[in-house]
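Trainee: Could you take me slowly through one part of this structure, the sheet, and show me how its strands are put together?

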Amino acid sequence: MDMDDLLRKTLEKQAMRGSSQNRGKGRGRGGSAGTSSGGALTKAEKKIGGRSLHLSFLIKDGLLTPGSGVLKMEYVGHVFEGDLLEDGQVRWKDNNLVFCTASAWASHCKRIVNPEKKSACGWTTVRYEGKKLEWYKNKWLQMQHAKADGTDPLPLQFNEEEYADSDEDNISQ
């Protein structure tokens, strides 16, 4: 087996670890925090920050719309495109692998370019309609706080400087 075959097999194994085909197995990370039935909030839904927040929440509240090729990520000159699925998962257009989170997809793509890369934050590296997912996450959090306070949420305005690319997104490590 030559080095190219070994690298390809390693990348396929890594993709399976982060894909929904492997959900529920392994260390328990990367599963989706779906909404509960019957209208009651689950423990995960009561948290509105950090790892508890899933793209499905933003879809449900109308900030994101599922579609083909609506997610993009650039890393060290490489561009990756993905589909946003109805349940908030990401399907990579190159090979149709499905990832539970944007971070799992971003990590996989970055490891293709740099196999030493251990992780990636999908909120800060993946874009939807040209804006980082972080922007949509922050708007969703503002909406949740406004609902809790009984006030109107701030209008959806994009501050380009606030969400500028970090050096980490464009530097080979």
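Mentor: What follows is a walk along the sheet, strand by strand. This is a predicted model, in which local features need pLDDT of at least 70 and side-chain atom pairs count only at pLDDT 80 or more, while totals for chains, interfaces and linings use all residues. Residues are numbered from 1 along each chain as its sequence is written, and side-chain values use heavy atoms, with hydrogens and water left out.

Six strands form an open sheet with antiparallel pairing, in the order β4-β3-β2-β1-β5-β6; strands are DSSP runs of E with at least two residues, helices are runs of H or I with at least four, and both are numbered from the N terminus. Two strands pair if DSSP finds at least two bridges between them, and the edge strands, β4 (98-99) and β6 (131-132), each pair on one side only.

Between β1 and β2 there are six bridges, and G67 has L84 in β2 as its bridge partner. These two strands form a hairpin with two residues between them, where V76 in the turn has a positive phi of about 45°.
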